[in-house]
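Please look through the sequence and the model shown here before reading on.

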Amino acid sequence: MSKKYDYDVIYIGAGVGSVNGAVPLANRGYKVAIVESQAIGGTCPNWGCTAKYTLDAPAQLAYRANQFSHIYGGNILHVNWKRDMARKHRNIDSGPATGMEHRIKAAGIKTYMTHGTLLDNHTVKVDDQKITADKLVLVPGMTPHHLNVPGTELTHDSRNFLSLDDLPKRMVVIGTGYVGIELATVANAGGADVTVMMHHDRPLRGFYEPFADQLVKSLEKQGMHFVKSAKVAGFKKSGNHLVVEYGDHQELATDYVLDASGRVPNLKHLGLENTNVKYNRHGIEVNGYMQTSVPNVYATGDAIDSKIEKLSPTATYETKYLTRLLTGETNKPMAMPAVPTAVYSSPRIAKVGVDVDQAKAGNQKHPGNFKIVTKDLRNHMWYKATGQTHVAARALVFNRFNRLVGAEEISGRADDAISMLAILISLHATNEQIENMVRLFPSQASDLLSDF
Ligand SMILES: Cc1cc2nc3c(=O)[nH]c(=O)nc-3n(C[C@H](O)[C@H](O)[C@H](O)COP(=O)(O)OP(=O)(O)OC[C@H]3O[C@@H](n4cnc5c(N)ncnc54)[C@H](O)[C@@H]3O)c2cc1C
Ligand SMILES: NC(=O)c1ccc[n+]([C@@H]2O[C@H](COP(=O)([O-])OP(=O)(O)OC[C@H]3O[C@@H](n4cnc5c(N)ncnc54)[C@H](O)[C@@H]3O)[C@@H](O)[C@H]2O)c1
């Protein structure tokens, strides 16, 4: 379409936060290019979600089976790490993103498999070539944060861990966010002696504190150790093992350290300094139209400075929205629906919509704005029958019109429960509508709300 430039749109980064928008854009007749330095699909299918949940699936199954260990004659199941990792290598490393590659090719998108550097607001340097576009979309994602302490080079990140052929005997995990808790869970299921170092005194900030506390207690029961407010000072080698220095001159010997202290926007060498695009340590600044401070340059996905959860479905939603904006199908700012999110630990914690702390803060400003109902589900018939007597609880948030606007659960299958509730919340279903649905019985869906 554009005569002045090589392309109508160039995307930098080929993660879910770009490909899911670039393909439909090209299918509508736009001339599109994608620049990717590592692998089509980016983090999620290659060294993120899919690798993680491939390793987690047997761990989760073992957790659920172990609730019935007394019925199975007292046997406790453990994951065979080597076999689990071999399965992960077969499923993932042989090219999980081939479907994405086919879609890109079929849409006629030109792919440059190299690092892209911005030279100005319209030009990207790819190897020795300069390519130009009417519009640029920056989707470089995030990379692991590394602690800035002595010996940090002795530690590993999530990407290393997700390809670890031999599980160490002892492992220290730094950080209790999504990555720390999820990967500690799979290592524990594989039989490693896992110690998790918490930055503060509570894990998973953003999740309902009593549920996060229950998760820690449950993981401790399963053999994991937690060190609260462990100020990590450094790492050193000692013989054939490692030492973590923390707190007040305390030391802990271990065989492997996973630094899960967070992820940072991947903006190094992107060439932002050659443009007028504004950014900060939280990412690229965008307005409600995913537009940066330069009108023809947009950004989506993990690398933007945004309060929205940094997840695959949110990155996908943003890029799909951008496609509709660029094709003129919408001229409205993006409106993100309620976002469901889960920590894939055993048990899981999952939530969607207005969370309990938000609701409490809302009630402080305007008393009676929200009704918060929490329930221990261990005696609920479905949870009991499915062996979930160890830990199971749910919190629901209703607005002043008694409409469900938020939900959070801890249980072996909290991800499924919240997935279902997320659909109802997104459709703004009223309690009456929900009650009038015929649901499968027996199933987790049969009693989503009626007991509350
Ligand atoms: C261990 C782990 C587990 C996760 N689990 C989940 C989960 O269960 N559910 C969930 O929803 N989310 C999960 N996430 C988050 C999810 O992976 C991200 O939100 C999602 O991948 C973001 O997509 P993106 O396209 O913005 O970035 P990415 O997928 O990171 O893609 C960015 C791409 O840009 C490329 N790139 C960067 N700079 C340049 C450049 N200058 N030139 C060329 N190419 C460049 C990179 O190589 C990369 O391929 C997980 C993340 C991790 C790390
Ligand atoms: N299940 C999922 O959907 C999933 C899974 C993995 C990652 N993600 C996404 O990836 C992003 C990053 O996840 P993450 O777990 O890497 O980051 P995070 O921000 O969730 O957690 C980082 C953890 O490191 C701790 N920390 C920070 N500085 C520290 C220090 N100096 N010493 C010790 N601990 C320190 C923090 O307190 C926190 O517990 C999240 O935004 C999440 O949305 C999602």
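This is a predicted model: local features need pLDDT of at least 70, side-chain atom pairs count only at pLDDT 80 or more; totals for chains, interfaces and linings use all residues.

Residues are numbered from 1 along each chain as its sequence is written, chains are lettered from A and ligands numbered from 1 in the order in which they are written, and side-chain values use heavy atoms, with hydrogens and water left out.

Around ligand 2 there are 18 residues, of which T176, V179, E182, K310 and A342 come nearest; a residue counts as near if one of its heavy atoms lies within 4 Å of the molecule. The table gives polar contacts of the ligand (pairs of N or O atoms within 3.5 Å).

| Residue, backbone atom | Atom of ligand 2 | Distance |
|---|---|---|
| V179, polar atom | oxygen | 2.8 Å |
| A260, N or O | oxygen | 3.4 Å |
| A342, N or O | nitrogen | 2.8 Å |

The protein covers 73% of the 850 Å² of accessible area that ligand 2 has on its own (Shrake-Rupley method, 1.4 Å probe). Because domain 1 (7-144 + 264-326) and domain 2 (166-261) both contribute residues to its shell, ligand 2 lies between them; these bounds come from an automatic or database domain assignment.

Elsewhere, strand β11 (residues 232-238) runs antiparallel to strand β12 (residues 241-246), and 6 bridges join them. Strands are DSSP runs of E with at least two residues, numbered from the N terminus, and two of them pair if DSSP finds at least two bridges between them. V232 stands opposite Y246 in β12, and in this hairpin, with 2 residues between the strands, G239 takes a positive phi near 60 degrees.

Terms used:
Helices (H or I, at least four residues) and strands (E, at least two) are DSSP runs, numbered from the N terminus. A polar contact is a pair of N or O atoms within 3.5 Å; within protein, one must be able to donate a hydrogen and the other to accept it, and residues adjacent in sequence count only if both atoms are side-chain atoms.
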